[in-house]
Amino acid sequence: MNKVLFIKSDHYCNVRVQKYIEVLKDFHVIFVGWEREPCEGFLKPNEIINLNHGGGFGFSTKLIFGYVKFLLRLFFFILTKEKISSHKIIAINFDVACVLYFASFFRRFHFIYEIHDTFSLSYNLPIIASKLIDFVDIKIRNNCCKVIHVDINRVSEKENNYIIIENSPLDYIQKKQINI
């Protein structure tokens with residue numbers, strides 16, 4: 001059975017992840033994430049690997065340290081996961097894709113990069129930090145095997161290796177056959 005590895009710095013009860021779990025029910029779905037709060041009453045993937053627990057949302061020192069801890073654990077998880085290249089890996093958002101991009105220098109694997117929002121536009125960052133993040137983001141887009149955008153307005157002019165899956169993956173699947 002095909003194994004799909006979803007990685008997100010959040011929990012599996014995220015609305016978009018829930019839609020993927022529903023759509024990919026014929027696949028072995030493994031979710032690697034951060035259980036910020038309990039997830040009850042939601043569809044569960046076949047496997048759940050929480051690299052971090054607690055921390056909540058918002059902006060706090062605890063959350064910042066939680067992010068650093070999660071991203072470091074993710075980096076070492078990817079480096080030590082057996083047969084990682086046999087999985088279809090979907091990195092959801094820049095923070096996770098960035099870790100996978102740098103881990104791919106040490107270990108050979110491919111991943112799909114799903115972008116909900118442009119990271120540098122989502123946060124009020126200094127200009128130099130935004131430019132650096134945008135530079136790394138372009139490198140990631142150019143080096144991953146596919147980029148998923150939620151709408152055509154988020155595609156940059158230089159991209160050609162992307163698909164659009166609007167905020168409802170089930171609608172997309174019903175219109176087109178997805179090859180993972």
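I take contact, or covering, to mean heavy atoms within 4.5 Å. The model I am reading is a predicted one.

**Entry 1, helix α2.** I looked up α2 first. Helix α2 covers residues 61-80, and its 20 residues reach 29 Å from first C-alpha to last, close to the 28 Å expected. I listed its buried residues: Leu63, Gly66, Phe70, Leu74, Phe75, Phe77 and Ile78. Seen down the axis of α2, these fall within an arc of 170 degrees, so they line one face of the helix. On the other side of α2 I found Thr61, Phe65 and Thr80 exposed. I then checked what covers the buried residues of α2, and the list includes β1 (3-7), β2 (28-35), β3 (47-53) and α3 (94-103).

I found Ala91 in strand β4, residues 88-92. Ala91 has 0% relative accessibility and therefore counts as buried. Ile7 is 84 residues from Ala91 in sequence, yet their C-alpha atoms are 5.1 Å apart. Beyond its neighbours within four places in sequence, Ala91 is in contact with several residues, including Ile7, Val96, Leu100 and Phe111.

I looked up the largest nonpolar core, which has 32 residues. Ile7, Leu74, Ile78, Leu100, Phe111 and Ile140 have the most contacts inside it. Among the elements that each supply at least two residues of this core are β1, α2, β4 and α5 (127-143). Helix α3 gives the largest share, 8 residues. A second, separate core has 17 residues, including Phe6, Tyr20, Ile21 and Val23.

Terms used:
Residues are numbered from 1 along each chain as its sequence is written. This is a predicted model: local features need pLDDT of at least 70, side-chain atom pairs count only at pLDDT 80 or more; totals for chains, interfaces and linings use all residues. Side-chain values use heavy atoms; hydrogens and water are left out. Helices (H or I, at least four residues) and strands (E, at least two) are DSSP runs, numbered from the N terminus. The expected span of a helix is 1.5 Å times one less than its number of residues. Buried means under 20% relative accessible area, exposed over 50%, partly exposed in between (1.4 Å probe, protein chains only). The arc is that of the directions from the helix axis to the C-beta atoms. A nonpolar core is a set of buried Ala, Val, Leu, Ile, Met, Phe, Trp, Tyr and Cys residues joined through side-chain atoms within 4.5 Å.
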